[in-house]
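Here is a quick tour of a two-chain model, written for someone who would rather look at the picture than at tables. Keep the viewer open as you read.

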Amino acid sequence: MHSSLPISGVLALACSGIASVILIVYLIKRPAFSLGTKLWLFLGLCVLPLGTALGGNAAGMEASKQVTFCNSCHVMHAHAGDALNLNSQSLAARHTRNNLFGGESCYVCHADYGMMGTVFTKLGGMGHVYEYLKGYHAVSLEDFLAEIHLRKPMPNLNCQQCHSGKNKLWLGVPEHGAAQAELALGLISCASAGCHGYAHPFNKPPAPPPSAAPAGSPAEPPPAPTEARP
Amino acid sequence: MTDLDALPDGKIAQAARRVGSQKLVLASCVLGLIAMAMMCWSVLDPRPFPVLVAMSAGQGIGTLSLLCYLSAVFVEVWRLRNKR
């Protein structure tokens with residue numbers, strides 16, 4: 001249970017409490033279906049439940065952004081454990097330590113942006129919960145990590161919500177300048193081996209040693225376009 | 001001709017006529033309480049399963065509850081109009 005309820009949650013509980021009193025009183029007394037009764041029932045069956053639904057949905061949406069929510073499923077323990085590890089230097093951990101991401105780092109990085117981004121992200125999340133309930137709840141973490149993959153590549157736009165890629169500091173990095181077109185097209189992922197590293201590197205194959213890269217081509221983009229596994 | 005014969009002959013209207021407004025309101029109250037209990041559960045215990053239940057089954061049952069109530073009101077309105 002969360003230690004503090006959001007305002008929307010309080011609204012939902014308050015509306016639900018008042019509506020429940022109205023409905024229970026009706027069920028006990030069973031008055032005649034007069035105009036007055038109809039109006040009370042309209043309040044208890046339409047107006048107040050609408051407040052409960054709106055408040056409950058908003059509270060649910062907020063709750064589903066929390067790292068603790070993602071970590072509720074055992075198959076996410078490794079990802080959340082790494083992200084919350086103060087000693088980890090992975091992209092996920094470094095971003096989770098940032099106050100701007102706070103306890104919502106999974107959502108902030110993985111949410112699609114744009115007008116319908118939240119809706120599509122939530123629909124995708126529903127898909128995850130469905131898959132979990134359908135079968136993955138019985139799968140061990142090791143098997144899960146070996147099997148899962150991202151449904152679609154992580155778009156660089158998600159990184160560029162904060163790292164705009166337009167200031168001098170960013171443009172001053174030779175690799176950025178050389179790979180700008182590929183980055184814009186999504187052919188190279190910011191979070192890939194050879195660039196900034198995988199966001200969740202603990203279940204990835206080790207990156208090739210620097211000597212394996214052709215000499216004199218530090219800006220050569222890696223062949224794998226995106227992070228293939230979460 | 002009875003009062004209820006004045007109702008439309010659609011399947012939903014026939015079903016509402018058979019059940020009667022009192023039972024419809026009773027069902028509406030029970031369904032409403034169940035739906036609100038689900039939503040409160042998701043607020044108090046925001047884990048994936050309660051949230052999923054509230055946003056799917058809870059919403060569905062709540063909508064069904066409202067439809068039962070509206071059906072009861074329409075049955076009553078048609079019945080009273082037919083009496084005049």
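## Chain B

Chain B has three helices and zero strands, where a helix is a DSSP run of H or I of at least four residues, a strand is a run of E of at least two, and numbering starts from the N terminus. From the N terminus on, that reads α-α-α. Of its 84 residues, 39% count as buried. For burial, the count is of other C-beta atoms within 10 Å of a residue's own, with C-beta atoms placed from the backbone: 20 or more is buried, 12 or fewer is exposed, and in between is partly exposed.

Contacts in chain B between residues at least 6 apart in sequence include 67% that join residues at least 24 apart. A contact here means that two C-beta atoms, placed from the backbone, lie within 7 Å.

## Before you go on

This is a predicted model, so local features need pLDDT of at least 70 and side-chain atom pairs count only at pLDDT 80 or more, while totals for chains, interfaces and linings use all residues. Residues are numbered from 1 along each chain as its sequence is written, and chains are lettered from A and ligands numbered from 1 in the order in which they are written.

## Chain A overall

Chain A has twelve helices and zero strands, so its pattern along the sequence is simply α-α-α-α-α-α-α-α-α-α-α-α. Buried residues account for 24% of its 230 residues. If you take the contacts in chain A between residues at least 6 apart in sequence, 67% join residues at least 24 apart.

## The H1-H2 pair of chain A

How do H1(A) and H2(A) pack? Their axes are 7 Å apart, at an angle of about 155°. Axes are lines fitted to C-alpha atoms, for helices over the stretch in contact, and angles run from 0 to 180 degrees between N-to-C directions. H1(A) and H2(A) are therefore roughly antiparallel; the classes are under 35 degrees for roughly parallel, over 145 for roughly antiparallel, 65 to 115 for roughly perpendicular, and oblique for the rest.

H1(A) passes H2(A) in a left-handed crossing, meaning that the near helix is turned anticlockwise from the far one by less than a right angle (clockwise would be right-handed). The residues of this contact divide into 15 nonpolar, eight polar and one charged. Nonpolar covers Ala, Val, Leu, Ile, Met, Phe, Trp, Tyr, Cys and Pro, charged covers Asp, Glu, Lys and Arg, and the others, Gly among them, are polar.

In the loop between H1 and H2 of chain A sits Arg30(A). Its phi is near 50°, a positive value in a residue other than glycine. Most residues other than glycine have a negative phi. Arg30(A) counts as exposed because it has 12 C-beta neighbours inside 10 Å.

## Where the chains meet

The contact between the chains takes 30 residues from chain A and 29 residues from chain B. On the chain A side, the elements giving two or more residues are helix H1 (7-29) and helix H2 (35-63). The largest share, twelve residues, comes from H2(A). By class, this side has 19 nonpolar, ten polar and one charged residues.

H1(A) also packs against helix H2 (residues 21-44) of chain B, at an angle of about 155° and with the axes 10 Å apart. That makes H1(A) roughly antiparallel to H2(B), and the crossing is left-handed. Residues of H1(A) including Leu13(A), Ser16(A) and Tyr26(A) meet residues of H2(B), among them Cys29(B), Met36(B) and Val43(B). This contact divides into twelve nonpolar, four polar and no charged residues.

Met154(A) is 35 residues away along the chain, yet the two C-alpha atoms are separated by 7.5 Å.

Pro155(A) belongs to the loop between helix H8 (141-147) and helix H9 (156-160) of chain A. With 14 C-beta neighbours inside 10 Å, Pro155(A) counts as partly exposed. Pro155(A) and Leu187(A) are 32 residues apart in sequence and 9.7 Å apart in space, C-alpha to C-alpha.
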